[in-house]
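Hello,

I am passing on the structure we spoke about, and below it you will find my notes on what came out of it. Please read them with the model open beside you.

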Amino acid sequence: MASVAEFITGLTVSDLAVALFFTGLYGAMTQRNIIKTIMSVGIMDVAAITFFMTANFQEGSRSPISGTAVEQMADPVPQALMITAIVIGVSVVAMCLAMYMRVVYRYGTADWKILIRRLED
Amino acid sequence: MTIPLIPLHVFVFLPVIIGAVTYFLPTRWYHAVMLLGNLAVSVLAVNIFIHVRWTADIIQFVAFWPETVAIKLAADSLSAPMVMLTACFFSCTYLFSTRAAYMDKTFIFIFLMLEGALFGVFLSGDLFNIYVIMELGMIAVAILIMYKQDKQSVYDAMLYIMMNFIAMAFMMLGIAYIYRITGVLDLAVLEQRISELSNPRSVIIPYAMIMTAVSLKAALLPLFGWLPRAHGAPSAPAIVSAVLSGIQVKVGVYLLIRLNTVFSPAIDASMFFLILGFLTSVAGFLLAIAQKDIKLILAYHTVSQVGLIVMGLHMGTEVAFWGGMYHIINHALFKGLLFLSAGIIIEEYGTRSYSEIRGVLRRMPIIGIATLAGVLGITGAPFFNGSISKYFITAGVQGNLAEIGLYLINFGTILSFVKYSTILFGTPTLKKSPKMDPYVSGISLLFGAAILVGGIFGSQAVSLMYGSQYSAQGALGFQKILTFFLTLAIGVGMYYMVVQKIGGVLAGVRIFKFSFNQVTVFITLFFVSLLGFAYFTV
């Protein structure tokens, strides 16, 4: 039991982010409901962003805004980049949902498999 | 007369700015200004190419930050020809369809945004910048596919965007890994840092992740499910199909070269991509033969040709590499032409089934001749450009297994295009010859002429584009010509003896479509197998 507790306390945020990423991938592989797959893909995106945010993090570093000593600053590059990535993720998910509405109104189903069958007719 | 070089980031934004400004112009001037803008972009792209080819590479850092901090834009001998090709291709396709019904201002604006995104990917020297611009291109492509919003185009676009989004999530996680290990995103510095790593194994996970995303963009074997849907989407406008097949899929191939170079100090996966290229090519032409829809025949055929290009690039010899690079340009020319003319043919006949279209050569002589030139180019007929690049790719290997594989691919290409070219002959169902738009016929003939010139002056074209001298004398040798006509005869024979008799089997192959979940499983399998390959070879 001690080793399990050690394992759990030894986990970092980036480990959890990787786990979250593959959870999202599992969802995208197994869920037949379109909304659930869109959610899974969104989870993958957020997990990758979280992982990137924690890159090169050092204990005790502060946010890189004015007033912080330079040696205390956290690496500003991931934070600057991830703002962009978050915006992209939001817009792509929004677009997926808009297309989902169209598809559901036209074919009357939210299931990938049934959808393919209805496309054939 | 010399034209001054403009900063590269201005060049990337130029198409978007043109699209945005002309949006507010009255319709009377609109097309003239747009044409002028497209011409200006093409001239500037040619100018960049000339500078890179004969003077020096262009490297610029955005906003004057130092290297490794700034976003780098670079035009080198690999990207400058691609940029020139993109600019000229977009101008030609724009001119081709100025009179088309779907060409409203919003459509053209998004079309030009895609052009800017493609320039961005080719010129960018920064991994995260590439990621952002690829996402932009992905959204633009999805909107263009579903622009007319009829039939199943919204479904096609949704499948496209979701598959690509998963791949891009893989890519971002890979970029995060590589940033954590090396601390830089600039491609040139990244390559140097990777070569200094004490343990090259530490980069195999990011390598597999980034390469999975890039392979999906390049439509390699299990990941090409999106391509026929996007390129052959029944209701997508012809110029969108042409641009997607001619240029956009090459982004994946280009990044495959670029990023494999970056990772080359640690990982050499050329064997993996060689085999995968072969399998992709075979699967592509088999599926192409099974299709009935002429646009889908062309779309699956793009898969096959991309496989051939990837094979050439990873053959391991220089001749084959430049052959593959030349085939990128050739494929853009003939597949662009074929998709554009297919759009006109479909519009004219009102059907997309190959068995209902007959006598294109008699009914629309100019389109027919242009299509014939495209078909001859793609099958590698002597004196046409396909023969040169295929000759170079084959010259890389003599007398081993890969040579037989290349013959097989060429045979499959010929077989599927025997099927495609049945639409050219026979008696047309309607006698009336339609009035042709002069732009349509002009651009079709221009593409056709480029295919012929690229074949006759093949070796000169390669040295002009890439600066490497190879003799293409052998491509016009008696043996090569004989081989081509022999293969053609066997192809025609086999088409009428075998392919037409097995309609049931083909119908079985045709309904073979994958749902989103299965595609995601393929992405995961691809990632795992690439990871395994890297693990056991490094």
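Across the interface of chain B and chain A, the rule finds zero salt bridges, and please keep in mind throughout that this is a predicted model. What the interface does have is polar contact, with five residue pairs counted between chain B and chain A, both residues of each pair being at pLDDT 80 or more.

On the side of chain B that touches chain A, the elements giving two or more residues are helix H5 (127-145), helix H6 (153-182) and helix H22 (516-537) of chain B. Of these, H6(B) gives the most to that side, with 18 residues, and by class the side of chain B holds 31 nonpolar, seven polar and five charged residues.

The size of an interface is often given as the accessible area that is lost when the parts come together. Here chain B and chain A bury about 4000 Å² between them, and 78% of this lies on carbon and sulfur atoms. In chain B, the residues that lose the most area to chain A are Phe165(B), Tyr179(B) and Arg180(B), which together make up 17% of what that side buries. The contact as a whole takes 43 residues from chain B and 48 residues from chain A.

Salt bridges do occur in the structure, which holds six of them over all chains. One joins Lys72(B) and Asp186(B), whose closest N and O atoms are 3.3 Å apart. Because Lys72(B) lies in strand E2 (residues 72-75) of chain B and Asp186(B) in the loop between H6 and helix H7 (187-195) of chain B, the pair ties together parts that are 114 residues apart in sequence.

Lastly, there is a nonpolar surface patch of about 630 Å², made by Leu486(B), Ile490(B), Met494(B), Met497(B), Val498(B), Ile502(B) and Val505(B). Helix H20 (residues 478-497) of chain B gives the most to this patch, with four residues, while Val505(B) is found in helix H21 (residues 503-510) of chain B.

Best wishes

Conventions. Residues numbered from 1 in each chain as written. Chains lettered and ligands numbered in written order. Predicted model: local features only at pLDDT ≥ 70, side-chain atom pairs only at ≥ 80, totals over all residues. Heavy atoms only, no water. Contact = heavy atoms within 4.5 Å. Buried area = accessible area lost by both parts, 1.4 Å probe. Salt bridge = Lys/Arg side-chain N within 4 Å of Asp/Glu carboxyl O. Polar contact = N/O pair within 3.5 Å; in protein donor to acceptor, adjacent residues only side chain to side chain. Nonpolar A, V, L, I, M, F, W, Y, C, P; charged D, E, K, R; others polar. Patch = residues over 30% accessible without salt bridge, like charges linked within 9 Å, V, L, I, M, F, W, Y side chains within 5 Å. Areas by Shrake-Rupley, 256 points an atom, 1.4 Å probe, with all protein chains shown as cover.
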